[in-house]
Amino acid sequence: LRLLSAEVDILESKELIDTLEYSKKTSAVINKAMEEAKVTEVEIDEVRRSYKDYAFRSQLLFFAVSEMSITDPMYQFSLQWFQQLAGLSIDNAPAGETPAQRL
C-alpha cells in the first residue's frame with residue numbers, strides 16, 4: 001500500500017521490482033513442486049491400488065476369524081494373533097519378481 005500511495009513512479013521503484021522478481025521466483029518454485037506432487041500422487045495411487053486385493057482378502061480372514069467366537073467361545077482370537085497369522089501368510093507366500101506376482 002505504501003508503494004501505491006507514493007508520489008514516485010512505481011516503475012522506477014527498486015523495492016517493488018525486487019519484490020516482484022522474488023515473487024516470480026517463488027511462484028516458479030511452487031509450480032515445480034506442484035508438478036512433482038502430481039507425479040508422486042499418481043505413483044502413490046498405483047501402489048495403493050496394487051494392495052487392494054490383499055487388503056480385501058485380509059479383511060475377509062479377519063472377520064471370519066472374529067465371527068468364530070459366535071460358534072464357540074473357545075475360538076476367541078486377539079488382534080495380535082491375527083497379525084501373526086497375516087505375517088506368516090506373507091512369509092510363506094511364493095516369491096515373485098514383481099509386486100503383482102507377490103500379492
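Here is a short walk through this structure, from the whole chain down to single side chains.

The model is predicted, so local features need pLDDT of at least 70 and side-chain atom pairs count only at pLDDT 80 or more, while totals for chains, interfaces and linings use all residues. Residues are numbered from 1 along each chain as its sequence is written, and side-chain values use heavy atoms, with hydrogens and water left out.

Let's begin with the overall layout. The chain has 5 helices and 0 strands, and its pattern along the sequence reads α-α-α-α-α. Helices (H or I, at least four residues) and strands (E, at least two) are DSSP runs, numbered from the N terminus. Of the 103 residues, 6% count as buried; buried means under 20% relative accessible area, exposed over 50%, and partly exposed in between (1.4 Å probe, protein chains only). The chain exposes about 9,300 Å², with carbon and sulfur atoms supplying 61% of that area. Accessible areas come from the Shrake-Rupley method with a 1.4 Å probe, and for residues only the protein chains shown count as cover.

The structure holds 3 salt bridges, each a side-chain nitrogen of Lys or Arg within 4 Å of a carboxyl oxygen of Asp or Glu. In one of them, Lys14 pairs with Asp18, their closest N and O atoms being 3.3 Å apart. Both residues lie in H2, 4 residues apart, about one turn of the helix. Is Lys14 buried or exposed? Lys14 is exposed, because its relative accessible area is 60%, whereas Asp18 counts as partly exposed at 35%. Further along, Glu35 forms a salt bridge with Lys38, with 3.9 Å between the closest N and O atoms. Glu35 and Lys38 are 3 residues apart in H2, so about one helical turn separates them. Asp45 and Arg48 form a salt bridge too, at 3.5 Å between the closest N and O atoms.

Now move on to the loop between helix H3 (52–71) and helix H4 (79–92), where you will find Tyr75. Tyr75 counts as partly exposed because its relative accessibility is 32%. Together with Met68, Met74, Phe77 and Trp81, Tyr75 forms a nonpolar patch on the surface, with about 460 Å² of accessible area. Patches are made of residues with over 30% relative accessible area and no salt bridge: like charges are joined within 9 Å, nonpolar side chains (Val, Leu, Ile, Met, Phe, Trp, Tyr) within 5 Å.
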